[in-house]
Amino acid sequence: MSPRFALALLLLSASVALGEESVRRTVEDAGVHVPVLTKAPELVGFVEATYPPEAEAQGLAAQVTMQITIGADGRVSEVHVTQPAGHGFDEAAIEAVKRFAFTPAEIDFQPAAVQVEYVYHFVLKVPDAGVPEAIDAGPPPKAHATLEGTLITRGSRTRIMGGVVICVNQPGPEALSDEKGHFSLEIEAGECQVRVVSADHKNFETVEVLEPNETRVVNYYVLPKVVGYETVVRGTRDKKEVVDRTVSRQEIQKVPGTFGDPVRVVQNFPGVARAPLISGALVIRGASANESLTFFDGVEIPILFHLGGGPSVVNAEFIDKIDFFPGGFGARYGRAIGGVVDVGSRRGAADTYHGVAKIDFLDSSLFFEAPLADGMSIAAAARRSYIDVLLPPILEVAQRSSPQAAFVNAVPVYWDYQIRFDAGARRGHTEESGSSTFSVFAFGSDDTLKVVATGGARSLNVSLDAHTTFHRVVGNWTWREGAVTYRLTPYLGYDLVSLSLANLISLKADQWSQGLRQDLQVDATPWLSVHAGTDIYNHGLSGQAELPVIDGTQYVGFPGADPKTPTQTIREDLDTLDGAIFAEVDLKAGPVTVTPGVRATHTFVTRQTRHSIDPRLWVRYQLLETTAIKGSVGLYTQTPSPIDFEPAPFGNPNLGTEKAFQTSLGVSHRFSPVINVDLTGFYNRRFDLAVSPGNTIVNPDGTVTDELYGNRGLGRAYGLELLARHEVTKNFFGWIAYTLSRSETRRSGVQNDYGLTGVDQTHVLTVIGSYRFDNGWEFGGRYRYVTGNPTTPLKAGAPDHYQADANGYSSTTGDFRSARLPAFNQLDLRVDRYFVFQKWTLDLYLDVQNVLNTQNIETTIDDYRHRERVYVSGIPILPVLGVKASF
């Protein structure tokens, strides 16, 4: 076995075990730090193994697979055979490998020990007969030939880098495939028993017969070891946040009940309450939906899901990972007092073109990516729904079968698009020192939603029409030089929102946004790292509204006529400029990491100026190799909506910023390399919340002004979160998520106790599991139990209250939010069947929501006299059959 062959196999194994591709891409490891491999070991001293005499006499060849430990000094300290060959090969390989010499590997730029998989090949050599000079040496040597070609992953057409190609029946020659999968092997003419070896692919063998001086060009399609879940945790940066749920690509498209949508997986994590069906909002740790923010590649987007509880606004193929911070997030994020979701995209393909076509009962989508030149690529995707065609007939049948029941008829129509251009480092490669990369990403979404609630022999009649559009163009330039990394991210955005409610209210808002982010990270020493940057955000809104008059309701004369409220047209142009600087310092001392951080913000909103300084602190103590304790405290600030700063009667120019003091303490333990448990307790206190009505002001002239809004809201949320997670392996992944929490609110200056918020859910339990069989079948399930939301009940036996001037009835209710809706129970199942062809893969799937057809309650509606309250159920059993083809 030659040193070059040994080195190739070693580097290949190291890249699979700790390699570069996923230094960018991390999977949460229960808070346990798995440092980043910054330099792979290199073989500098090869020792050839002694061929076992008995095996040589029998003409046997073999390969021995081992796991070797390379110390920080470059010496081999341990060797374990994982796939023995017998016949003395194992012992000979161990003896030789123990004498190998390497340049030390570096982790976080420091020499460190690593483990790699190594395969030692024993190939029989043709003995030299030692012919005397005077005797004819025999026939002349055979002519040579060349075998060259490309190694391609079967089913996806991805090029295989680092694959080894050998002729088993010819000693010596071997070739290593480059980053484009290309190889060239010089051999003797005649028969070549080809073998392709790659760490994450099955061995490929074939026979080629080459004529003298022939150059044969081939393509070898090599079957991956696993088509599905298998991924390798190659490195993870040390996360400061006490809770940071990071999800890999293998998981985000496989969770049952999500229809293969990536971002909806976030709804299954601890700390996230279940939102109403049609909203798709994120309710995080008891905060309202508008107190949390969603980002895509670090840029804020208005909605994360299509309206009507649809999929996320980004095609799954574009998503690299999802970072979810339910609280205690870093100083680089601001303008939120709840939680943060940041979705990261991935570069386009650099090896060859790839595509994905997906069709199911909800929508259809196309995705395509291709290299343009060396280091340049482009990727694009588009999607269009047709739920508006399929859903109404289903609901109509359901309503005919239960004429007295109430139904929500939600008719959503959505489409979205994404296109990305990349230049610089290829996907799966870590940028080298002194290099820079550049990308431009344009994406957008459009939603139209018409909601009609009917029931009780059509005694209910509520309608809502909503239209939301947004577009973003995001640029990114990243430069690296040694321990310094700098990122510059400019972006532009346009949003359009319109809303019509029962022909009474009409709203329309055109919004433009521009922003610039700068991130600088300096890893000065192994114990000191500095991260600083700026975050500038400008937002302009031009809105128009048709509303009932604000200063009182006027009705036409009684009796006989329907009451009508005069309307007025309001037009507003509002501007917001938010600029922030932030800094964090990581200080490491043995098992303790302390990260102080601060974010300073200056905001100019509707001719008003506001300032805030938010200090934050994270502490991590690595108690054991598998156990860590984490805690955080911090102040978070959010500016109310610009319209809230308008003069009376629309707002209050004296409003201040809303604030939250967030604390959390957690412990994580890794029971095995794939089983992690994380337990976190949290307490969040929100204060200075903008609520209505505000204060009553007595003016100098004796008149009285009632402020529409005031900073008089107080809130608190506290609880425990548990996540027991089985990481992605060859065949299985899953987790159990449980949240025990309470969310309360009250007004300051009023002698009242805290009461429940409308989003309080005491118990939220989610169980997810999915298993992949080697024959291409995959089965998964998700079960959810959620405590019902608080509601204010009707007062039993109360008399009717008829409002003569309004020609209608008003309700008589019991104590505010003293009752709850029934608990939510739902079981979802998903079945996939994969077919791997030479150049493409086919996935047939059936994703069934609410398999048990549970009548889960979404909301309530009263009859016209407020005597009876009708439950409005969510979706019945909903099977979605689809097909996905990828190449």
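Is tryptophan 735 buried or exposed, and what is its relative accessible area?

1. Tryptophan 735 is buried, with a relative accessible area of 1%, where buried means under 20%, exposed over 50% and partly exposed in between, using a 1.4 Å probe and protein chains only. Phenylalanine 733 is likewise buried, at 0%.

2. This is a predicted model, in which local features need pLDDT of at least 70 and side-chain atom pairs count only at pLDDT 80 or more, while totals for chains, interfaces and linings use all residues. Residues are numbered from 1 along each chain as its sequence is written, and side-chain values use heavy atoms, with hydrogens and water left out.

3. Rings of Phe, Tyr and Trp (its six-membered ring) are paired if their centres lie within 6.5 Å, with planes under 30 degrees apart counted as stacked, over 60 as edge-to-face and the rest as tilted. The count by this rule is 27 aromatic pairs. The rings of phenylalanine 733 and tryptophan 735 have centres 6.5 Å apart and planes at 35°, so this pair is tilted. Elsewhere, ring pairs join Phe296, Phe318, Phe367, Phe441, Phe443 and Phe470 into a cluster.

4. A charge sits over a ring if NZ of Lys or CZ of Arg is within 6 Å of the ring centre and within 35 degrees of the ring normal. Arginine 716 lies over the face of tyrosine 754, 3.9 Å from the ring centre, and the charged end of arginine 833 sits over the ring of phenylalanine 835, at 4.4 Å from its centre.
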